[in-house]
Each structure stands twice: as C-alpha cells, then as structure tokens.
Amino acid sequence: MPTMPAVDEAQIDFETIELLFFAYRDFVSDPDAILAKIGMGRAHHRVVYFVSRQPGMMVTDLLDTLQITKQSLARVLKQLIESGYIRQMAGAKDRRQRRLYPTLAGRELALALSEPQSRRIARAMEELTPDTRASVKEFLRHMRGRDESLEPIDSDLE
C-alpha cells in the first residue's frame, strides 16, 4: 500500500461530497433502469449520449471526451454498432478517420435516457430564481476538469 498523505479531516466538505454522491446516484438511476432492460449499462449511455449530441464525431474525439483508452471503448462501441444504435463511417476527406453517427434507434435511445434526467433537473430547479439556476450551472462548470497528470482510464466505463 502506498503511503497516504496526512489529511486534516476538518478541511473536508463531507456534506457536499455526500450530496453530490447521492445526486449522481439518483440522476443515473432512471437511465440505468432503462438500459438494464436492453442489456446495456452506463458505458453505453455515455457513448450514445455524446454521439447523439455530436453526430459525426471522430472516435478520437469520443475518447478525449470520455477520457478513456481505446481498449475501454472498443467493446461498448462494438455492441452499440452491432445492436443498431451507432453507425461508424470513414471520413469523407481522410478515410482513416472513423466518424460516429447515431441511427434513428440510437437517437431515440439517447432521448429516452435523457428525458427522465431532464425532468429531474427541472424539478430540482423549479423553485430557483434565474440567478440561482445560473449559479448552479456555474458551480457544475467549475467542478469539471480532470487532473491532466492522470492517464486515461482503462476500464469498461462502468
């Protein structure tokens, strides 16, 4: 086991960490239930979501967006292509490029997964003022960003 640095527990914002943990758990629970019915998981959700939001994106762009390795993406992408949710085509100018497009079924799946999440967000924000809504979005923007010194994740995205 590597040596862990000394940490002042009083400096840790456990309340916000737990709020984020439980919010994320519940935010993904609706899509998880839909995906379970078709034998897919969160990895499939992420791929079909981003490909639907950016049709024609290159595989390299998807890898960068998800911050994962090619090996991590390969199985999930193969299953989505074989299941008819994603189409992969060579680039028009550079045939080596692999561009990804949602099929009609893929677009419908992405919308079906996003709809309950959108409802959840709307419910959470319905009583907030426009300024407070903007602050929530700004907070989430500031939460983004991965430590650049970390390598891409080599996992199945789950």
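Which residues does His44 touch, not counting residues up to four places away in sequence?

## Basis of the model

This is a predicted model, in which local features need pLDDT of at least 70 and side-chain atom pairs count only at pLDDT 80 or more, while totals for chains, interfaces and linings use all residues. Residues are numbered from 1 along each chain as its sequence is written, and side-chain values use heavy atoms, with hydrogens and water left out.

## His44 and its contacts

His44 touches Arg75, Val76, Gln79 and Leu80, once residues up to four places away in sequence are set aside; a contact here means heavy atoms within 4.5 Å. His44 belongs to helix α2, which covers residues 42-53, where a helix is a DSSP run of H or I with at least four residues, numbered from the N terminus.

With a relative accessible area of 3%, His44 is buried, a word that applies under 20% relative accessible area, whereas exposed applies over 50% and partly exposed in between (1.4 Å probe, protein chains only).

## Aromatic pairs

Rings of Phe, Tyr and Trp (its six-membered ring) pair if their centres lie within 6.5 Å, and planes under 30 degrees apart count as stacked, over 60 as edge-to-face and the rest as tilted. By this rule there are two aromatic pairs. Phe21 and Phe22 form an edge-to-face pair, at 5.1 Å centre to centre and with 80° between the planes. Phe21 is exposed, at 51% relative accessible area, while Phe22 is partly exposed, at 37%.

The rings of Tyr49 and Phe50 also form a pair, which is edge-to-face because their planes stand at 90°, with centres 5.0 Å apart. Tyr49 is partly exposed, with a relative accessible area of 30%, and Phe50 counts as partly exposed at 24% relative accessibility.

Note on methods. Helix = DSSP H or I, 4+ residues; strand = E, 2+ residues; numbered from the N terminus.
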